[in-house]
Amino acid sequence: MPPGAGAVEDSILRRIVALAIDALGAPIGFISFAAAERQLVRVQIGIAGPLRPADALLPAGLIGQPDPIVIPDIRAPEWQDLIPAADLLGARFAVILPIGTPGEADAGTLCVLDTMPRQTPDARAMRMLAGLAALAGAERWPDSRTAAPRPPLRAAQLDTVFREAMVGIVQRDVEGSVLMANDHYCALVGRSLAELENLPAKAYLHPDDLARNEGRYRQHLETGTPFRIELRYVRPDDSVIWCEVNISFVRDDAGHIRSIITVAQDITRRRLTEQALRESREHHRHSVELNPQIQWTARPDGSIEEVGPLWISLTGTSPDQARGNGWIEALHAEDVAPTMRAWQEAVRQRRPVDIEYRLRCGDAYRWMRARAAPRCDEHGAVIRWYGSLEDIHDRKAAKQALGESEERLRLAVQAAGLGIWDYDTITGARRWSEELLGMLGLPADAEPTMAEALEIVHPDDRNKFRSIVTAVTGGFLPEAFEVALRIRRADSGAQRWLKSTGWKSVSGSGHLSRMIVTFQDVTEERDAEERIRWAATHDPLTLLPNRLALQEELDGAIALAAGTQERIGLMLFDVDNLKRINDTLGHDAGDALLRVFARRLVEVAPDGATIGRLGGDEFAIVMPAVGGVEDLMRCAASLLKSLRAPFAFNGRTLDCAASIGASIFPEHGNEPTELLKSADLALYAAKTAGRGRTRMFRPEMRSELQRQFSMINLAKDALANARVDAFYQPKIDLNSHRLVGFEALLRWHDQQGGTHMPADIRAAFDDPDLSIEITDHILTKVTGDLRRWLDQGYDPVSIAVNTSANDFRYDNFAERVLESLERCGLPSSMLEIEVTETVFLGRGAHYVERALRMLSAAGIRIALDDFGTGYASLSHLKQYPVDILKIDRSFISNLENSPDDAAIADAVIDLGRNLGITIVAEGVETRAQAQHLRKRGCAVGQGFLFGHPATADQIFPQWREGLYRD
């Protein structure tokens, strides 16, 4: 053998062995050749240790046989005598093929082994193995005395087998580089050999298969044993194929793994077929399980063969009891004979059957519907009957109930005196009941003709009636319908409302066969509905359209004007002093004022205008075709003049005046909502300027509203970030100069730390919820400071907290105050509540009285602030538990120079002394003012003379001694 030739030949033979074991998916294989009366193993895969004689691996009787030998299971009886279990490397399966001519010098053996029993390989695999065996024996290396070897020819032959194999084959080294790959493998993965050379296998494995394949690969790499796995390859075009992959490991003479051979076979069609089969089985299973009908089959003679699993849940008996003719035992006795006749006749004639009978289900019988049809062969002979059993008991019961219901309906119609129109669409016959003739005012012998009916129907409803008749005769009506029509009675001409309700009956062919219409006189109900509709759109006090109706009118007017470019005028009225009249004279007087105002508004409003009451003291007028701003303002001035005349009520003369805010479409808004907002802003400006005025909307009014929003936002931000604080101003006993308490005054800080007065967020106090939140915050701050002062050893003093009308809106103010004191463990005597006179004038005045009485009973003193500046009457001092009257600073500031202010102050002091109420003078800034008040008997003073408002940390140390020093 030439130098190096053995290595080349061994490489070719190793490839042959690798192809052989991969063709069968086996782990072990070798090739041996004759040498000196024996065969020596030339190459081996899956066998540890050095090369040895072949008869050391196989019994000598199996070597050199002229035909291939296949042993599916060595432990089978026919092989156990020939091959001991200890032989064949512990193998259970073997394929042994001769190489060359047995007995000749070039004879040899190709052997493939597996440790598991296997089926006999198919013909294709055996042909491939025979080709590999022939290739191994062809052109064997001669010795040195013969002609030169031709290894390229053998390599070409091996390449041909490798390339033309019907499976994909690829060989990689242990680093993953491709050593060779046949065309079939490249086609499977959709890549050329050049593309595969530096591409790892996991690059085109399906992501869902990576972990599973990697685990199996590493497990078998440790032992070098081959394995089989099914996985998916992803091609560059994103198509996916399923492959059965056999992986084996090629070892060198030292037993080290040098390469890995992968044999892949496309099993996509098989997998799809398996998936379709599984889906078909699942579909069938779900169809059977979820089908409420019981499926069954019968033999050609009609005896039951199989019954579905629902039989046991329905009847309580097993399906075995129903087989053959056992199901007849469960039939109702009355149904046995007719059922058997129908079934036997169907079997005899080999035609479908559809019968109904009663079946015993537990302790009761239920109606069933049984249907069956035969499956026949090409000669018409029945192969099997297929049927279903459906529970129709509820349907039967419903049908019976429907019949009974129809009978009851007929009796009820007669008892209720409903009129009936019965129309047979097939014959064209019409019948009117006596009750219907009476409703129409027709004699009992009147012919039920369409002309007669049309004559009685109100002219405005005749088209509607014709449409119904056309739909009835044409069969276009739904199953049931309801319509209301007006008629004029034939005898008296009186107009009546009739409600007609119809039902249609359809024949088995799906055509309309009958129409029944009932008529009921609903005149009284319609009148009641009209009254309800009127009430829903009108104000019951003034009888004017309400907000809803006025909004609809405004919407319609604007929609119409948008197409004609007309102007629409809107005026909002606020009746002046309505709250004062309600509070002083009672709601009867207030209602009289509203009625007079509404009547006058209707009398003086321009023609074509719509007047409405929006609610409370607000009215509105919508005026179409307004000339412009001047036109609308002249109209408003005229209206104010006409409305202003006083009127008498219970012997008293009352004013009837209003403030007006106006806006014009489209200048002040293109939408109804925008126009209303503009008029509302103008009304707000009119009331702010002084009642009894008119203001036309101006864009700058929005900026004022924006300022209010800004104030509210500032207040919300200050609350959210704990920048609302309580400053304290001392109250001094004017006789002893001793500190008697403080008033808590709100201050708030901006983001830069600047301190601001409450006026900078005054709009927040008009917001109901926000003002309550501010009061609660101040109350929490005050009680917390009081608790801290007590804990620091200061003498207890009372602190007054200001409130607003909004605090009393929800009838829980007293509870909130008392809970705050209880949280801090403070006595009620340390807190005073200040209210202004406006609190008594709000809508929730009864809540105010309840809260103040509850607080007073708990020991909290009530102070009436700014006394004499508002609308309160002296009766409030009797009605509410007032302990303190505070003289407003406006009367104190000119006390020395104004006799009127001095007189008012003196009067309030005298009033308090006579009623036993403590008097506190606010705004004391000079000693002269303090001396005057002291001489007049005023008990307490408060103002800059005694101290400016300051924080808790600043104010209390200043008054540790509790004494004011001049």
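1. Helix 13 (434-440), helix 14 (450-456) and strand 18 (480-488) each give at least two residues to the lining of the second largest cavity. Helices (H or I, at least four residues) and strands (E, at least two) are DSSP runs, numbered from the N terminus. Helix 14 contributes the most, with three residues.

2. A word on the source: this is a predicted model, where local features need pLDDT of at least 70, side-chain atom pairs count only at pLDDT 80 or more, and totals for chains, interfaces and linings use all residues. Residues are numbered from 1 along each chain as its sequence is written, and side-chain values use heavy atoms, leaving out hydrogens and water.

3. The second largest cavity holds about 140 Å³ of space. A cavity is a set of points, on a 1 Å grid over the protein atoms alone, where a 1.4 Å probe fits but cannot get out; lining residues have an atom within 4 Å of a point. Grid points are joined across faces, edges and corners, and a volume is the space filled by probe spheres set on the points. Of its 13 lining residues, Leu440, Ala453, Val457, Phe465 and Phe519 are closest to the centre.

4. Now to the largest cavity, with about 210 Å³ of space. Its lining has 16 residues, with Trp296, Ile304, Trp327, Tyr357 and Ala370 nearest the centre. Strand 13 supplies the largest share, four residues.

5. Do look at the open sheet too: five strands in the order 2-1-5-4-3, paired antiparallel (a pair needs at least two DSSP bridges). Strand 2 (38-45) and strand 3 (69-71) are at the edges with a single partner strand each, so one side of each has no neighbour in the sheet.

Notes. On a 1 Å grid over the protein atoms alone, a cavity is a set of points where a 1.4 Å probe fits but cannot get out, and a pocket is an open set with protein on both sides within 12 Å along at least five of seven lines; lining residues have an atom within 4 Å of a point.
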